[in-house]
Amino acid sequence: MDRYARWNTLLEILAETGRITVEEAAERLGVSQATIRRDFDQLSQQQMITRTRGGAVAGGISYDLPLRYKTARHVEEKHRIGTAAAGLVSPGQVIALNGGTTITEVARSLATRTDLVATPGSTGLTIVTNALNIANELIVRPHLKVVVVGGVVRPQSYELIGPLAAPILREITLDIAFLGVDAIDMKLGATSHHEGEAAINALMAARARKVVVIADGSKIGGHAFARICPTDRVHTLVTDGNAPPEQLRGFEEAGIRVIVV
């Protein structure tokens, strides 16, 4: 297990339990106590944890870990979901992408689709995003028009949020809004841990003809703090085989297209 995978695991343990000792961490990760001590020291320097005598406590960690520490979770599922979602896009469309690791996979799949390149007499794909990491990856693709909304950067997700983003989003129309969510439930709708992200995502959904929710199976049937949109605004749900079947049946019965990869 490399350093970043260890850090990811340690942060997840602390987010769940609140504290852990060096001995417990070394045993759970199968590494030496000296390695864990170095990991704790480095995470403490980044203000991700609070170092204690013989261990560490969660400190300022919340359930919403920074994006760079989430990339090791459900990697294969997210790649499949991203590929399937990108397949819903047609040449010439205007689409929105919010932030998150699964949506990043959608962006990467779109970047490699040669059929989206504009031909004489046609319009290329336009991507509107509030995620700086996604814009950074796509801007080098000459066949894509990338529009970045304004706002204040949220370090945990690299997303621009706040009122500065709203004026741009209110002046455009979207064919599809692809929204990565923290949870989606039939009764509660699509939700996010952070109210600022939820507000921008809600505006994207309002400006789109179709809303496609992207969520790995662990997020189906759950709920988070702030609602993005009710279920009846969702046209398509793209998820993986780990999603609870009874939850997926509920979405299908509500008229939502469900794609399981």
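Okay, let's start with Arg154: this one is buried, at a relative accessible area of 11%. Buried here means under 20% relative accessible area, exposed is over 50%, and partly exposed is in between, with a 1.4 Å probe and protein chains only.

Quick note on where this comes from: it's a predicted model, where local features need pLDDT of at least 70, side-chain atom pairs count only at pLDDT 80 or more, and totals for chains, interfaces and linings use all residues. Residues are numbered from 1 along each chain as its sequence is written, and side-chain values use heavy atoms, with hydrogens and water left out.

So, what does Arg154 form a salt bridge with? The partner is Glu197, and the closest N and O atoms are 2.7 Å apart. The cut-off is a Lys or Arg side-chain nitrogen within 4 Å of an Asp or Glu carboxyl oxygen. Arg154 sits in strand E7 (residues 152–154) and Glu197 in helix H8, so parts 43 residues apart in sequence get tied together. Elements are DSSP runs numbered from the N terminus, helices being H or I with at least four residues and strands E with at least two. Glu197 counts as buried too, at 7% relative accessibility.

The structure holds 7 salt bridges. Another one is Asp41 with Arg51, at 3.0 Å between the closest N and O atoms. Asp41 is in helix H3 and Arg51 in strand E2 (residues 50–52), 10 residues apart. Both ends are partly exposed: Asp41 has a relative accessible area of 36%, and Arg51 has 27%.

Then Arg209 and Asp175 meet at 3.2 Å, N to O. That pair runs from strand E12 to strand E9, so it ties together parts 34 residues apart in sequence. Arg209 is exposed at 61%, whereas Asp175 is buried at 18%. There's also a network, with Glu105, Arg108 and Glu137 joined by salt bridges that share partners.

On to the nonpolar side. A core here is a set of buried Ala, Val, Leu, Ile, Met, Phe, Trp, Tyr and Cys residues joined through side-chain atoms within 4.5 Å. The largest has 33 residues, and those with the most contacts inside it include Leu179, Ile184 and Leu237. Among the elements giving two or more residues to this core are strand E9 (174–180), helix H8 (195–206) and strand E12 (208–214). Which element gives the largest share of this core? That's H8, with 5 residues. Apart from this core lies another, of 24 residues, among them Val89, Leu97, Leu116 and Ile127.

Staying in H8, have a look at Asn201. Asn201 is buried, with a relative accessible area of 2%. Leaving out residues up to four places away in sequence, Asn201 touches Asn98, Glu159, Leu179, Gly180 and Ile228, where contact means heavy atoms within 4.5 Å.

Now helix H1, residues 3–17. Its 15 residues should span 21 Å at 1.5 Å a residue, and the end C-alpha atoms are 21 Å apart, so that agrees. The expected span is 1.5 Å times one less than the number of residues. Its buried residues include Arg6, Trp7, Asn8 and Leu10, and the buried residues of H1 pack against strand E1 (19–21), helix H2 (22–29), helix H3 (33–45) and strand E3 (55–57).

Last stop is Val148, in strand E6 (residues 144–148). Val148 is partly exposed, at 34% relative accessible area.
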